[in-house]
Amino acid sequence: AALKQKTVTFPDQTHVRALGQGTWRMGEESEKHEAEIEALRVGLDSGMELIDTAEMYGEGASEELIRDAIAGRREEVFLVSKVYPHHAGGEALKQACSNTLERLGTDYLDLYLLHWRGDIPLKETVEGLEALKQEGKIRRWGVSNFDVSDMKELLALPGGDQCAVNQVLYHLGSRGIEYELLPLLREHGIPVMAYCPLAEGGSLRDQLLNHPTVEELAETHGVEPAQILLAWAIREGDVIAIPKAGQAHHVEANGRAALLNLTEEELAALDQAFPAPTKKEPLDIV
Ligand code: NDP
């Protein structure tokens, strides 16, 4: 029998797989084009239906890559893009959304996020996003890089409670959101999208992947250390992790992490190695 993939439920009761695909820095190098298309398609084949992009990524190059990867398969995909803060209101928002849709070769987004907070009043952004929803250009909207005070301000606005998600940095080596932000979002039934779930690359990622506790758990489960990190990030059922992988073998491994359950004991061992926060920490960002 097929093992059950973990899913996360949005406030409007739509379910998505708890593991999706990030695409930052994809679509930018022509020699990687074929491999990246292949990686995204392999991800869809393995049930990683959510694809995350932004108008910022390669100034549209990531969205164009996705258009090619999902050609003929739009219905299978849960498509997420993000608007620059300086485009997040009025005519600029309408234009940014329409440009994004055109680059993606589609007529709707499943989810549209404010990439981070800028100078345009949140009230104006919420009104603009709600208007896009009414017009059918987007199915739902959310925010990214919002800390506790931003979230509270948003939720107090008319329509602010329509926020479907907050996309923030979250991985085993950066657990700050667990202290106050994650509980606040839980209280409102708003899921988190965990970006950089593999700590992006570079030395921090290597430290996590080579950590003895992580390695030991990977060995116990017969998986790769990256899969332990991802299974950890989605352990509670209301976090969607969006690892980026430009190589098909990475995507396959990442998709399988949605089938992996860590025991209480194993989670405790990870807590020991990477303690949960004991006070409010400023939101970690890239
Ligand atoms: P990740 O933490 O996802 O790490 C990506 C790196 O991990 C790549 O080098 C990739 O290699 C490698 N990798 C992927 N899978 C494996 C594996 N199974 N084993 C070993 N290495 C692996 O970093 P990102 O910064 O890309 O974050 C993920 C996504 O989150 C972004 O792509 C973007 O969509 C989103 N994001 C959003 C932000 C925001 O402000 N809202 C900010 C930052 C990211 P390779 O590509 O070679 O396969």
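Mentor: Start with polar contacts, meaning pairs of N or O atoms within 3.5 Å; within protein, one must be able to donate a hydrogen and the other to accept it, and residues adjacent in sequence count only if both atoms are side-chain atoms. Here H115 places a polar side-chain atom 3.4 Å from an oxygen atom of the ligand. This is a predicted model, where local features need pLDDT of at least 70, side-chain atom pairs count only at pLDDT 80 or more, and totals for chains, interfaces and linings use all residues. Residues are numbered from 1 along each chain as its sequence is written, and side-chain values use heavy atoms, with hydrogens and water left out.

Trainee: Which polar backbone atom lies 2.9 Å from an oxygen atom of the ligand?

Mentor: One belonging to E200. For G246, a backbone N or O atom lies 2.8 Å from a ligand oxygen atom. The ligand taken alone exposes 910 Å², and the protein buries 91% of that (Shrake-Rupley method, 1.4 Å probe).

Trainee: Which residues around the ligand come nearest?

Mentor: A residue is near a molecule if one of its heavy atoms lies within 4 Å of it. Of the 27 residues around the ligand, D52, K244, G246, Q247 and H250 come nearest.

Trainee: How many disulfides does a search of the whole structure find?

Mentor: A disulfide is a covalent bond between the sulfur atoms of two cysteines. The cut-off is a pair of cysteine sulfur atoms within 2.5 Å. The search finds zero.
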